[in-house]
Amino acid sequence: MAGDVLKDFVPDGRKRIPWEEDCYIDLQPESCCLRTKMKMEELWIHKHRKQLMHSVSGPLLESLVVHMQKLALLTQDEVSQLQSVGQLQEKLCAVIDILASRGPQGSDMLQEFIENTDSQLYELITLQEPIMQKHGEALQSRSGGWSPGLLSESWAADRFSNLLLVEGLTDLQQKEHDVLQTEVTKGSWRHNARQLCLDKLLNPLTRVSMPPRILLTVGVAGIGKTTLVRQFLQLWNSGKIYHDVTFVFLFSFWELNTYEKLSAERLVKLFYPHVTDMSYVFNDTTRVLMVFDGLDEFKCSLDFSEALSCTDPKKDVPVDNLITNIIRGNIFPEASIWLTSRPNVAAQIPGGLVDRMTEIPGLKHKDIQKFLLHMFQDGSLADQIWCHIKANKIFLVMCYVPCVCWIVGSTLAFLIKGEMQECLPRTWTELYSYFLKMIVEGESKEREKIEQSYGSSRRLIGSLGKLAFYGLIKRKYTFYEQDMKAYGIDLPSLQSHLCSRLLIKEESVTCTAYNFTHLTMQEFLSATFYYTASKRAIFDLFTESGMSWPKIGFNNHFKSALQRSQQSEYGQLDMFVRFLSGMLSPLVAKPLSGLQLLAKEENNAYRAPAITFLQGLLSCGSTVSLWAVNVVHCLQELQHTELTRNVEEGLRTGSLAGKLTASTCSILAYLLQMSEECAEETNLSGCLNYSVVKSLLPQLLFCSNLRLENNHFKDDVMELLGSLLSAKDCHLQRISLAENAVSNKGTKAISRSLLVNRSLTSLDLRSNNIGPKGAKSLAEALKNNQVLVSVSLQNNVIEDEGAKAMAEVLSCNRKLTTLHLQKNSIGSEGARSLAGALQKNQVLRELSLSSNQLGDKGSEALAQALMVNHSLITLHLQSNSISNKGVTALTKALMVNRGLADLNLRENSIGVEGAKEIAKALQTNSTLRNLDLTANLLHDEGAKAIAKAVQFNCALTSLHLQWNFIRSTAAQALAAALTTNTALQLLDLQENAIGDEGMIALAEALQANTALGTLFLQGVSVGRRGAVALAEALCSNRSLHTLDLRGNSIGMDGAKALANALKANSSLRVLNLQENALGMDGAIFIATALNRSHQLTYINLQGNRIGDSGAKVISDAIKTKSPECVVKI
């Protein structure tokens, strides 16, 4: 808006009032323009613009506008435009721009107004100018210029434009390793998390709320927390965001590690020495933001329960106490505090102290593709890398993290460019081994230079591995120069190419620090050290001093590592033991052989005992923990995949019932995260019980589409699933509990969870026993739930009482679009209640009431609703004892209804009169697309009336008239309609004795019709004559793609005619000639016709007495030119 004001009110140079010469800058020579520009920049308004943007309040701005209007420096039109600007900062920016365009007079009048109106503010603006200038320079120096690497500045600007606004940390985030967090959630964003623009981070969410004081941004290792902070600081320092924030101070926790005690005042002055007087910065007129980046790199834990209170900013206190007091507001209470951290460390800060928590979103699949293209600028290479990542879910999930995506992309590019596609890795240990090989070899192509690189790198990699390992077990991820020296790493070697790729160097005025490029890199190097050291170590390597019980041999050290991993807090050793297990893979020896980390065939002796030990760990315990899932990952890294293949096959074929042991459940939990079988739908039907569900509960939490059908679940399992659906980090979107033994008690547990669940959109409870009481419980929840869009209560005996409860839901719920209530003993009373609700509801799109007891009274009530409801699209009323009277009411509604597209009236008692009423409605209705009248009592007369309506109806696309006692005369009427109708695409005449005469009429129509695509003629008494006529029509018809002639008697002659037609026809895709007395000869005719290029994708010749040997010959002949064609014979 401010831009619009500027556009309208900054005058053109040729039209300015000539109060001084250099106003006409467009007419002056270049040197004069330069002098003019310099002169304008020296004006007070330009010199103090930044301070003005930070300092001027709303009331002061209003007074300023009135004053400037009186001085004729603002016109009435300009004032009107300013009043339409909503935000204070935009309005202030517009006013300053307009006054600046007025030249020295505008600047002088603004300066005079502020000096006379608020002398204290004027003094502050004047004094702050040199401080702010120095501060901007200092901040630029501390945050650094843009470092080339993973992201370009433009890419990062787009990536960090939005954060996710979240409600606290999940249990998973608080307790588990970053990698496991990403794997379990399958690299997906938090459900129901709002996106929050970076330029709204410090603002109130609503007009009545306060700006947040304590902000916490979390993200897993490598997601870009520090990059986000730098992006924010650059935007603020360049004046693009938060003009009302006067000062921003950045502090990194890795810098604070070098101090034991600090005062708040010394903290600021130490890193920002230009701040000599704290009162200029921290006062009532300034807004200050203090950024503390990387809490996970802090050597101390924040203990808010034990930290001593301190309100004196001059008092030296332990650094962790200082931070806790700043967060509590005991020190700098007027400043906003923004912290960043990995999730499990962020849990140290009590949730009650955090005003706003945000999370950095990772890369979605489309973002990964963009990232790869950005990395390589080579579309072909990026596509090859993406194909490999997509084919290996273990990589695809973790590429959610940009830093990991960079490691994966770089390694795969190295192998593809080096023509080593056969070496493309499928496990993490393989990938990181090739990454290390890539770094060591560099750009060298000569074997001699490569050998030299390996020789000079071995000792350094060993030292880095030892540093990484002992840092990992101490939860230390930032290292200083004294740490490097302690582990035998001399400082000059830190400048080498190898270290520059493995380590990130950070420098400040107080110290120099180093981090591994990613947490997983530290864990990988730790594993390489542990593997090589454990082969000759006598004592436990986890005790750095070497004082422990003797422990000899790799296998003992391997067991020790797994035991330590099980005991470790936050799963900090989980990835380490994965990499350690991966060292035993036969595929890892090749990339690491040059560094002599692994000798060929050496690990074979260790591999079998390691597999046995890991499998034994899986058999222990009754619950499936994420640690047990990590053991399965270890087996995968070790290239022992037999167990997972067996369970995956059982999952695919549904044969897991009775086989779910402790180890099988752990493997199943692994597959829930990593298997493609579970990616779209997790089908655990017919194989679970209470104990297995309880053990798998943490893993089921992150499935999106879960089928738990036919498991004989009772109410106790519903209590478990209720807790699952109530969890904050529940990802479930669809759940099917069909065909179990759920009663009203179990339904109550599910209903309670729906009051808080914000992810589930589809709930299927068909074929249980919830009854009217269960329906009532569910209805109470649905009145408040605003997420579910589909509910199925089919076959639950909810009766009229339950139907009335669901009607109350439809009266107030504004999300539910699909409701299935078939087979529920609902009578006319229930139908009346539902109809009354439909008159108010404008959201429901599909309602199924089939196989109830609605009768004509219920049908009439629903008809009344359809007179006013135009949002319902699909209505199923199959098998409801609806007669001519009921259908007459429905047809009256159809004449005025403008929404219903699908109407199912199968298996009712609709006779000739009812059919005639339907025909009348079809002549005026223009929305109905699908009409199902199967198994009624239409006879020829009723079918003829409908046929006549079809001649004129241009909307109906599907018409089912199966089992309606229709004969040839009605078929002839339908054929006449098809000659002119251009809308109908499906016609079903199954089990009607239309005979050859009817078939001949339909065949003639098919020669003219260009719309019909599907024709069902099963059991319609068609013989040879009808088949010959049909074959003739198929020679010219170009629209029919599905033809079903099952159960007729076309014989060999009919088959021969159809065979000739198939040679000419190019549209038919599906042909069913089952049970047609074709015999071997007839089948051979068909096969011969198809023993050339044809378009069929399915053909059924079963039940034609062909014999097994003949069947194979015919099947092979049909598939000769079309191997993908499905042949049933």
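**Entry 1: cavities**

I began with the second largest cavity and noted its lining: His177, Arg342, Asn344, Leu472, Arg475, Tyr477, Leu519, Glu523, Glu569, Tyr570 and Gln572. A cavity here is a set of points on a 1 Å grid over the protein atoms alone, where a 1.4 Å probe fits but cannot get out, and lining residues have an atom within 4 Å of a point. The model is predicted, so I noted that local features need pLDDT of at least 70, side-chain atom pairs count only at pLDDT 80 or more, and totals for chains, interfaces and linings use all residues. Residues are numbered from 1 along each chain as its sequence is written, and side-chain values use heavy atoms, with hydrogens and water left out.

I sorted this lining by class: four nonpolar, three polar and four charged residues. Ala, Val, Leu, Ile, Met, Phe, Trp, Tyr, Cys and Pro count as nonpolar; Asp, Glu, Lys and Arg count as charged; the others, Gly among them, count as polar. The volume of the second largest cavity is about 60 Å³. A volume is the space filled by probe spheres set on the points, with grid points joined across faces, edges and corners.

How many cavities of 30 Å³ or more does the whole structure hold? I found four. The largest cavity has a volume of about 200 Å³. It has 20 lining residues, and Gln173, Gln181, Thr185, Glu359 and Tyr400 are the closest to its centre. Helix H11 (171–175) and helix H12 (178–184) each give two or more residues to this lining. Helices (H or I, at least four residues) and strands (E, at least two) are DSSP runs, numbered from the N terminus. By class, the lining of the largest cavity has eight nonpolar, nine polar and three charged residues.

**Entry 2: the whole chain**

I looked up the totals next. The protein chain has 50 helices and 29 strands. Its C-alpha trace spans about 105 × 90 × 65 Å along the principal axes. Of its 1129 residues, 57% count as buried. Buried means under 20% relative accessible area, exposed over 50%, and partly exposed in between (1.4 Å probe, protein chains only).

**Entry 3: salt bridges**

I searched the whole structure and got 33 salt bridges. Each is a side-chain nitrogen of Lys or Arg within 4 Å of a carboxyl oxygen of Asp or Glu.

Arginine 578 pairs with glutamate 183, with the closest N and O atoms 2.6 Å apart. Arginine 578 sits in helix H28 (residues 574–582) and glutamate 183 in helix H12, so distant parts of the chain, 395 residues apart, are linked. Are these two buried or exposed? Arginine 578 is buried because its relative accessibility is 1%. Glutamate 183 is buried too, at 0%.

Glutamate 260 and lysine 299 meet at 2.9 Å, N to O. Glutamate 260 is exposed, at 58%. Lysine 299 is partly exposed, at 45%.

Arginine 766 bridges to aspartate 764 at 2.7 Å. Arginine 766 is partly exposed, at 23%, whereas aspartate 764 is buried, at 14%. I traced both into a network of salt bridges with Glu681, Arg707, Glu709 and Glu739.

**Entry 4: arginine 190**

Where does arginine 190 lie? I found it in the loop between H12 and strand E2 (194–197). At 15% relative accessibility, arginine 190 counts as buried.

Conventions: 1 Å grid on protein atoms, 1.4 Å probe; cavity = no way out; pocket = protein on both sides within 12 Å on 5 of 7 lines; lining within 4 Å.
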